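Hi,

Here is the structure I promised to pass on.

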Amino acid sequence: MARSLSPEQQWFRLKSSPICRGNGSVRRGELTWDFDVRPSPLSRVYRVRIRQRKHYSPDVYVLSPNLNDVANGRWIPHVYSQKPVRLCLHFPKYDEWTFDKSIAETIVPWAYLWLFYFEHWLATDEWQGGGKHVGDNDDAENEEANSGS
């Protein structure tokens, strides 16, 4: 079994990563990291915060611009919360992210992808990012797959 990365180790990896240049700290076992994301050359710049408390999965928030304003009041898909907007980047039940994985090599690229798909959704009203949405029913999905529907 791989060893969990401490908040301090995660901080060091974030600080060393070229795709999430920013600043942050570890205080009382809680990691905070702020950085700018431009998901494509034509995109706006988003200020993102990653917060990870010891023994908890990272939370990812968009600090600016306000995504609710950018969405013109539409319900933003694929988030854990609307206010503040907390991105849904992985499905914890499937262990896509575990404590032995580097936030800089998983959560950060997933945040870029989420914002890329968010911009596509703004233009088309279709979420193309895949994944499970909060509240999806696994059992109903499994029954459909098994019945050949």
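Starting with disulfides: counting cysteine sulfur pairs within 2.5 Å, the total in this predicted model comes to zero. As for the cysteines themselves, Cys20 is buried at 0% relative accessibility, and Cys88 is buried too, with a relative accessible area of 5%.

On confidence, the protein chain has a mean pLDDT of 88, and 88% of its residues reach 70 or more. Strand E2 has the highest confidence, at 98, while helix H4 (residues 138-147) has the lowest, at a mean of 38. Please keep an eye on residues 139-149: pLDDT stays under 50 there, and the model has two contacts beyond four places in sequence for this stretch.

Helix H1 spans residues 7-16, and its buried residues are Pro7, Gln10 and Leu14. They lie on the same side of H1, because the arc they cover around the axis is only 60°. What do the buried residues of H1 pack against? Their partners are the strands E1 (22-27), E2 (30-37) and E3 (46-53), together with helix H3 (107-124).

E3 also takes part in a hairpin with strand E4, with five residues between the two strands. E3 and E4 (residues 59-64) run antiparallel and are joined by five bridges. Arg47, for instance, has Ser64 in E4 as its bridge partner. In the turn, His55 has a positive phi of about 75°.

Best wishes

Terms used:
Residues numbered from 1 in each chain as written. Predicted model: local features only at pLDDT ≥ 70, side-chain atom pairs only at ≥ 80, totals over all residues. Heavy atoms only, no water. Buried < 20%, exposed > 50% of the residue type's maximum accessible area, 1.4 Å probe, protein only. Helix = DSSP H or I, 4+ residues; strand = E, 2+ residues; numbered from the N terminus. Arc of directions from axis to C-beta. Contact = heavy atoms within 4.5 Å. pLDDT = per-residue confidence, 0-100. Pairing = 2+ DSSP bridges.
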